[in-house]
Structure formats: C-alpha cells, structure tokens
Amino acid sequence: MPDFFKKQKTVESIAVGFIEPNPFQPRRKFDEKELADLAESIAENGLIQPIAVRKTKGGYELIAGERRLRACKLLGRQKIEAIVYDIGDEDSAVWALIENLQRRDLSPFDEAEAMAKLVLLWKVSKEDAAKRLGIAPSSLSNKLRLLKLEKPVRETAEKAGFTERHARELLRLKTEEERIAAAKHIAEKQLNVPETEKYIKGLLKKKPKRSAPKYLIKDMRIFINTFEHAVEVMNCAGLCAVSTVTENEESIVYSVSVPKSKAYKTAALPAEESAAPVCSACTPSVI
C-alpha cells in the first residue's frame, strides 16, 4: 500500500467549481440514470464516502470519485467533502485507473485503454502488469488487442454494448471494411456471443470471388509488329498491302489497304504465274 494511504487525512469541504477532472479518467461515458439515482441517494442519506483530490496551482484535481462529484453537481451543491492527498501525477493516474478497473463496469475499450496506460506508467512488462492487476498475462494481452480495432468499429461496438468476446471476434477479420460491416450487422441483428462466433466463422469460410483476368498492355509495339508481319505475309502473296498507323487523343488506329485488282481474280493463271513470290515472312525455316 502506498505511503499516502497510511497517513491520517482530514476531510475538507471544497467548492466544486475549484475541482478539475482527472486527465487519466478512463471512463468516457456516464449513465445518466445511474447518476440520477446516486444523486437521489446522496440527497437522502448524504455523501457517505468523500471524494479524493490533490492540490494544483489553480485549485484541486480529482483523483477518484467522479460519479459522486457529478451527482453533487446535479443536486446543485456548491461544495463537496473531499480528502486532499499530496501525491504526484503517476500515483494520481494509477489510483484513478485502478479504482475504475475494480468497478468492472467499464466498456471493453475503456478497460483496455486504462490497462495500456498502467503498463506505460508502471514501466513494466505485460507479465508484471498482469500480476499487479491480478489477471493472467494472456487475459491482459487479449484485452490490449482490442485497441487494434479501428475507431468506426469501436463506436459501433460501444453503442451496441458489445462484450469483450464480441469485439475479439471482429479481430479475426482481415480488413477494416470487413470489420465495420460485420460490427454493423451484429449490432443490427443484436447477435449474442455464440451467434456472433457463428457469423464470423461463416464470413471467414466464404471464398473471395475470382475477378476476370486483366491483360495489361505495356507496349503497343508488340501488337504493331504482329500486324506488320501479317502485312508482310500478304505482300508475299502478291496482294500489295499497305499499312498505316495514325494516332489521336483517344486512340491509335492501324489500317491495312489492299487494291481490289489484287484482292479479286477473275481467271486462273498458269501455274508459273500464279505462284506467290518467295519472302522470308512466309518461308518456313529449315533446320
């Protein structure tokens, strides 16, 4: 137990307007109904447990007891009972984080962020941090893995009240787009954990659709050479083909023209005359 807990402290009445929030407060959302119920209890029974604060240059900074402070503000109280501790930033942060973790009603992401901050503040390994928190190292690692989920996924998960197991299932998907879509589906259908596991398993089994093969034309010269070879063969056959290549802003135009007099013959020629001239393009190679 830290030394500042062992020292006897007195309760002071401090103006609520002089108390700044703890920057290490892991809880981002406070249930309005629960705060109203707490305010009603305080109004009827009084503040049973004082809040904890520490002195700052401008007044005080809250260490623990934000729900009690908020409830007193709801009641319109100008002052609140508090115990003033003389502690540094690290002790204040650790106290705030641990107090909230022990309540076990944080969202999985708030809990994971709080634990990540404790690991940094303590400057210890995850194994040592797990011992201090009283949990298994694997459990701590699983909680910290939730921080890998993207902001849109977290927002959907928190709004829908996902459990840690819900969130961990989303980590099995490969892309952010898949995780966002899955989180929305789980939230809309209000799937429980077993149903979520079955849904994610089904997504992982789906084979990606094969896209049609794409042929990349890196150099038109390959195709132009093919056309030129065809024209050469035509000329070897005596067709007197002429090829032209033109280019505009939108396309490359390759055209071949053959005289009609060469393309059509009205009478058969003697064998000597009808023989096509010999050229390298149409002569088979001899090995």
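The model is predicted, so local features need pLDDT of at least 70 and side-chain atom pairs count only at pLDDT 80 or more, while totals for chains, interfaces and linings use all residues. Residues are numbered from 1 along each chain as its sequence is written, and side-chain values use heavy atoms, with hydrogens and water left out.

The secondary structure comes to 14 helices and 7 strands. Helices (H or I, at least four residues) and strands (E, at least two) are DSSP runs, numbered from the N terminus. The chain has 287 residues, and 32% of these count as buried. Buried means under 20% relative accessible area, exposed means over 50%, and partly exposed lies in between (1.4 Å probe, protein chains only). Accessible areas come from the Shrake-Rupley method with a 1.4 Å probe; for residues, only the protein chains shown count as cover.

A search of the whole structure finds 1 aromatic pair. Y85 and W95 form this pair in an edge-to-face arrangement. The centres are 4.9 Å apart, with 75 degrees between the planes. Rings of Phe, Tyr and Trp (its six-membered ring) pair if their centres lie within 6.5 Å; planes under 30 degrees apart count as stacked, over 60 as edge-to-face and the rest as tilted. Y85 lies in strand β5 (residues 79-85) and W95 in helix α4 (residues 89-103), so the pair ties together parts that are 10 residues apart in sequence. Y85 counts as buried because its relative accessibility is 11%. W95 is buried too, with a relative accessible area of 16%.

The count of salt bridges comes to 13. A salt bridge is a side-chain nitrogen of Lys or Arg within 4 Å of a carboxyl oxygen of Asp or Glu. One of these joins the side chains of R67 and E34, at 4.0 Å from N to O. R67 lies in helix α3 (residues 66-74) and E34 in helix α2 (residues 32-45), so this pair ties together parts 33 residues apart in sequence. R67 is partly exposed, at 24% relative accessibility. E34 is partly exposed as well, with a relative accessible area of 41%.

R54 and E61 form another salt bridge, at 3.0 Å from N to O. Both of these residues are buried. In a further salt bridge, the closest N and O atoms of E197 and R165 are 3.2 Å apart. This pair links distant parts of the chain: E197 sits in helix α11 (residues 193-205) and R165 in helix α9 (residues 164-170), 32 residues apart. E197 counts as partly exposed at 30% relative accessibility, and R165 counts as partly exposed at 46%. Salt bridges that share partners also join E111, K143, E164 and R168 into one network.

D110 belongs to helix α5 (residues 108-122). D110 counts as buried because its relative accessibility is 5%. Neighbours within four places in sequence aside, D110 is in contact with P26, R27, R28 and E158. A160 lies in helix α8 (residues 151-160). A160 is partly exposed, at 39% relative accessibility. A160 and I186 are 26 residues apart in sequence, and their C-alpha atoms are 8.7 Å apart in space.

Helix α12 has 16 residues. From its first C-alpha to its last, α12 reaches 22 Å, close to the 22 Å expected at 1.5 Å a residue. The expected span of a helix is 1.5 Å times one less than its number of residues. G238 follows α12 and has a positive phi, near 85 degrees. F223 is placed in α12, which covers residues 221-236. F223 counts as partly exposed because its relative accessibility is 39%. I222, F223 and F227 make a nonpolar surface patch of about 300 Å². Patches are made of residues with over 30% relative accessible area and no salt bridge: like charges are joined within 9 Å, nonpolar side chains (Val, Leu, Ile, Met, Phe, Trp, Tyr) within 5 Å.

Notes. Contact = heavy atoms within 4.5 Å.
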